[in-house]
Amino acid sequence: MIVEMKKGATQEQVDHVVERAHSLGFEVQLNIGTDKTVVAILGSHTGKVSTDVFTVLTGVENVARIMKPYKLASREFNPKPTKVKAGGVEIGGKKVVIMAGPCAVESEGQLIETARTVQKLGAAVVRGGAFKPRTSPFSFQGLEDEGVRLLARVKSEFGIPVISEVVDIQHIELLAKHVDILQVGTRNMQNFALLKELAKLRQPVLLKRGLAATVTEWLTAADYLMAEGNKKVILCERGIRTYEDSVRFSMDISSIAVIKRFSHLPVLVDPSHAAGYYEYVPSLARAAIAAGADGLLIEVHPKPEEALVDGAQSLSFKNFEKLMAELKPLAEAMGRAI
Ligand code: PEP
Ligand code: MN
């Protein structure tokens with residue numbers, strides 16, 4: 001941590017910073033410039049101490065951390081890329097993993113038909129929300145337990161792993177029993193109580209980026225999931241809120257490069273929620289693969305015009321087929337495969 005003193009700070013004020021640092025068990029290094037004094041606070045436990053303990057002291061101008069607040073998700077902690085195995089599918093390896101299916105599980109027919117089709121077209125994982133986090137309490141909330149049962153059927157009948165969102169601690173047990181990957185939605189990225197419970201699992205968890213979260217906050221949230229030894233964490237960029245209103249969210253394509261630089265965790269992109277409209281999905285999907293994403297999470301519906309949730313951004317089977325045909329050569333050009 002670096003404590004920058006105000007111009008003209010007194011010797012007494014500098015001494016006070018040094019004493020406070022020593023009282024917390026830190027070493028200090030003083031850099032006395034012509035204008036300002038800078039105090040470097042050194043020690044392996046700086047991450048556990050808030051910058052506020054120095055910010056409040058008189059004569060202090062600014063306090064900055066040198067180390068990132070996240071640890072377990074960082075590349076420094078684990079220099080080699082992590083590969084997560086989910087029901088026989090490897091995420092973060094050579095293959096670009098396509099996860100596809102409806103936003104919400106709506107009926108047996110809808111899920112089974114979609115699962116069969118996306119699998120045939122090259123998807124490696126089937127998605128489907130059984131518990132839906134809806135902005136309005138009056139909107140369809142998902143088929144809940146019945147939805148989980150249908151996902152379990154897809155898994156056993158089609159031999160394909162399934163992913164579904166967990167919105168509440170009380171549903172963890174049921175989901176962990178029947179689905180291969182538990183998804184934490186954008187609205188829950190910083191639901192720390194939920195993350196702490198999920199940390200007890202040894203099953204893959206996909207952590208979506210909060211719609212107003214920085215990459216640093218996202219990776220720090222990933223640390224919560226890994227704090228008890230679960231290494232199977234997958235990140236998913238799904239767009240953030242900006243002033244742009246022609247799309248549902250702004251897909252932050254640069255986050256893929258940033259994650260690859262600072263983290264060892266695999267990162268997927270969800271072009272559907274970023275776009276909000278099916279015609280934009282292929283363009284964002286192609287961009288994601290070109291940027292180095294390890295996979296995609298795409299919403300597909302047999303009849304998007306009749307979907308109970310997110311119909312406007314869902315691809316029809318025909319559009320999904322067309323997209324998959326475009327993505328295959330693109331993945332190859334990137335030295336990967338689908
Ligand atoms: C979803 O995947 O259906 C979903 C609700 O996504 P997000 O949390 O990104 O909005
Ligand atoms: Mn959705």
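Author: An oxygen atom of ligand 1 is 2.6 Å from an N or O atom in the side chain of Arg 238, a polar contact, that is, a pair of N or O atoms within 3.5 Å. The protein covers 97% of the 300 Å² of accessible area that ligand 1 has on its own, as computed by the Shrake-Rupley method with a 1.4 Å probe. This is a predicted model, in which local features need pLDDT of at least 70 and side-chain atom pairs count only at pLDDT 80 or more, while totals for chains, interfaces and linings use all residues. Side-chain values use heavy atoms, without hydrogens and water; residues are numbered from 1 along each chain as its sequence is written, and chains are lettered from A and ligands numbered from 1 in the order in which they are written.

A polar side-chain atom of Gln 183 lies 2.9 Å from an oxygen atom of the ligand, and a polar backbone atom of Thr 186 is 2.8 Å from a ligand oxygen. The residues around ligand 1, with a heavy atom within 4 Å of it, include Arg 127, Lys 132, Cys 103, His 273 and Glu 299.

His 273 lies in helix 9 (residues 271-275) and Glu 299 in strand 14 (residues 295-299), so the pair ties together parts 26 residues apart in sequence; helices (H or I, at least four residues) and strands (E, at least two) are DSSP runs, numbered from the N terminus.

Note on methods. Polar contact = N/O pair within 3.5 Å; in protein donor to acceptor, adjacent residues only side chain to side chain.
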